[in-house]
Structures are given as C-alpha cells and as structure tokens.
Amino acid sequence: MKSSAPGKIILFGEHAVVYNRPALAVPVDQVQVDVEVSDSDKLGVWIDAPMVDLHGELSTLPSNHPIGTVILKLFQHLGISLHPNISVTIRSTIPVAAGLGSGAAVSVALIRALTSFLDHPLSNERVNDLVFEIEKLHHGTPSGIDNTVITYNMPVYYMKDKPIETFKPGKPFTIVIGDTGIPAPTKESVGDVRRLWLRDQNRFESIFNEVAQISTMARHLIETGRPELLGELMDHNHEFLQQITVSSPELDVLVVAARKAGALGAKLSGGGRGGNMIALVNPASAESVAGALRSAGAKRTIITTIQ
Ligand code: PMV
C-alpha cells in the first residue's frame with residue numbers, strides 16, 4: 001500500500017496566524033514524501049527511512065522519535081495493541097527543518113498508507129486532527145496550518161479554530177523558492193515573537209492586523225485572477241516580518257537578489273531566521289531569478305506553479 005504527501009509553503013501571514021489572523025498556504029508538489037507499507041516475514045514493525053538514517057524496529061526507537069510517535073499514536077487511535085508484522089518504507093525529497101512541511105508530510109503519508117493497509121481508512125478531517133496532535137508534541141504551539149494544507153493538498157486560507165477554507169486561483173502563478181540552507185528554528189522564532197508580543201502588545205497587535213489585511217487582500221487577488229499584483233503585498237509582508245525580528249541577513253540577501261533579478265515581489269516564508277524565501281515571478285523570468293538566488297547563496301531553488 002502506497003501513499004504520498006506534498007511539501008508546502010506559506011504565501012502570507014506566518015506568525016500572525018499564531019495570533020488568530022488568517023494566513024495563506026499552498027502545496028508544493030515538486031517535493032514529496034512517499035510511504036509504502038507491506039507484509040513482512042519478520043516480527044514487528046520494521047521501518048526504513050533513509051533520509052533520517054533510520055533502519056529499525058518500532059519498539060527499539062526512542063520514545064520521542066518523530067516517526068515512531070506517528071505510528072504509535074495511530075495504533076492507539078485505532079485501538080491496535082498487537083502490532084502487525086509489516087515493513088514501512090519512507091522516502092522524502094522534502095528538506096528537513098526548511099519550512100517546507102517535511103514533518104507534517106511524513107505524518108500524513110504514513111497515516112494514510114498505514115490506514116489503507118490496515119483497512120481502516122480515515123477521513124481528511126481525522127487525518128488532519130491526528131497530525132495536528134503530533135505536530136503539537138514536537139513544535140509546542142503550532143497554528144495547524146502545515147498539517148491542514150498538506151492533508152487537503154489544496155491552497156488554504158487558514159485561521160486557527162475556524163472551519164477550513166480551501167480556495168482556487170483564478171489564474172496560475174509562478175513562485176521561486178530559495179533555501180538559505182540554514183535550519184529554520186521555528187519553535188525558537190515563535191517563542192521570541194511571543195516574548196516580544198508580551199512586552200508590547202499594542203505594537204504587535206497592530207502589525208498582525210496589517211498582515212491580516214494583506215492575507216485577505218492576497219486571497220481576493222488570487223481568486224479573481226490578478227496574481228501579478230501579489231508582489232507588492234509580499235514586499236510589505238516581508239517588512240512586517242523584519243519588524244517582528246524573524247528575518248535574517250541571509251533571508252534578506254535572497255529577497256533583495258530576487259527583486260533585483262526581476263521578481264515582482266519577495267518575502268521569507270515560514271518560521272524565518274533560516275529556511276526558505278519565496279519570490280513571485282513572471283514564468284519567463286523564473287529560471288533567471290532562480291539562478292540569481294543561487295549566485296546570492298541559495299543552497300537550492302524550486303520553481304513551482306500554483307494552480
Ligand atoms: O516554519 P514553518 O513553515 O513550519 O512555519 C511556521 C509558521 C508559523 O506561523 C511561524 C508558526 C505556525 O505554527 O503557524
């Protein structure tokens with residue numbers, strides 16, 4: 001039994017989303033997790049996950065191992081106490097700790113492959129809830145945007161504790177993703193923003209209100225087929241992310257390089273301080289913007305079309 005899940009990027013509203021403001025996120029199909037589950041002659045649940053150098057049996061993993069946790073949580077959820085004899089292979093092309101949702105994607109693909117194999121298919125809603133529980137174990141206070149966009153595999157307009165809204169672009173648009181190669185310490189940046197917010201709630205609340213307007217306007221432009229106007233909103237959103245201290249010199253260098261190379265706008269994406277930035281481009285200039293990002297230090301670039 002096989003299942004796959006895509007990566008993701010946040011287009012607008014990261015950090016503000018933790019404070020109940022809307023954010024927009026989209027799946028990225030160029031990177032993905034593939035999971036295969038099959039019967040095994042060996043006793044137990046044998047896991048092979050080369051990207052994290054894991055080859056072992058479930059009960060021998062440390063109790064907080066991210067992959068072990070997903071499987072045990074799922075078994076618990078399904079009321080399975082006697083572990084089946086199976087072999088689980090996990091392959092991923094999503095870079096780890098880069099803000100591309102690798103953890104949530106592993107959880108989604110793993111849960112779907114296991115539940116199909118065990119003949120216990122779960123609804124998207126149940127998968128999403130389970131993955132959110134797992135995200136909370138590893139990341140403290142996540143907003144839930146990663147698990148949602150990856151579970152539904154569609155653009156989402158996300159607000160904490162509100163019904164999920166997916167949306168469809170009126171016209172496709174192209175984004176270049178540039179990776180600083182520096183791990184994004186999301187838990188740390190979210191914690192720092194919390195401390196700063198506590199010290200100056202008025203200022204931070206008004207920044208988050210501005211970002212909320214940006215996300216709302218962006219959704220409207222995307223749905224009405226005017227994505228070329230998103231560039232300016234990206235630039236503004238990046239300024240607000242700088243003000244709340246989650247950008248970094250490396251991210252700023254890539255953002256400036258993208259704009260100089262002809263991008264219509266650029267911003268960091270995700271938790272910040274490392275990880276990825278994104279740039280909106282005309283399809284014809286995608287390759288040259290990607291090249292400019294690599295010359296400016298990006299460790300890898302991805303060109304993706306949102307449709
Ligand atoms: O670094 P990522 O892509 O996992 O994104 C974090 C996004 C934040 O808004 C900063 C945190 C969250 O849980 O939404």
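Predicted model: local features only at pLDDT ≥ 70, side-chain atom pairs only at ≥ 80, totals over all residues.

Skipping neighbours within four places in sequence, I find L11 in contact with L24, A25, V26, F173, I175, I222, K267 and I278.

Next entry, the sheet. I looked up an open one of four strands, in the order β9-β10-β8-β11, with antiparallel pairing. β9 (265-269) and β11 (300-306) each have a single partner strand, so one side of each has no neighbour in the sheet. The twist averages 25° from one strand to the next. Inside the sheet, I see six bridges between β8 (residues 173-179) and β10 (residues 276-281); V176 has A279 as its bridge partner in β10. Helix α7 (residues 230-243) lies across β8, β9 and β10, at about 40° to β9.

Then a hairpin. β3 (residues 45-49) and β4 (residues 54-57) run antiparallel and are joined by four bridges, and I47 is partnered with G56. Four residues sit between the strands, and D53 takes a positive phi near 60°.

On to charges. My search of the whole structure gives 10 salt bridges. One of them pairs D146 with K8 at 3.0 Å, N to O. D146 is in helix α4 (residues 145-152) and K8 in strand β1 (residues 2-12), so this pair ties together parts 138 residues apart in sequence. Buried or exposed, I wondered about D146 and K8? Both D146 and K8 are buried.

R219 and E165 also meet in a salt bridge, at 2.6 Å, N to O. That pair links helix α6 (residues 201-223) with strand β7 (residues 165-166), 54 residues apart. I have R219 as buried, at 16% relative accessible area, while E165 is partly exposed at 34%.

Last pair: E228 and K171, 3.3 Å, N to O. E228 is in the loop between α6 and α7 and K171 in the loop between β7 and β8, so parts 57 residues apart in sequence are tied together. E228 counts as partly exposed at 40% relative accessibility, and K171 is partly exposed too, at 37%.

Notes: Residues numbered from 1 in each chain as written. Heavy atoms only, no water. Contact = heavy atoms within 4.5 Å. Pairing = 2+ DSSP bridges. Helix = DSSP H or I, 4+ residues; strand = E, 2+ residues; numbered from the N terminus. Axes fitted to C-alpha atoms, helices over the stretch in contact; angles between N-to-C directions. Salt bridge = Lys/Arg side-chain N within 4 Å of Asp/Glu carboxyl O. Buried < 20%, exposed > 50% of the residue type's maximum accessible area, 1.4 Å probe, protein only.
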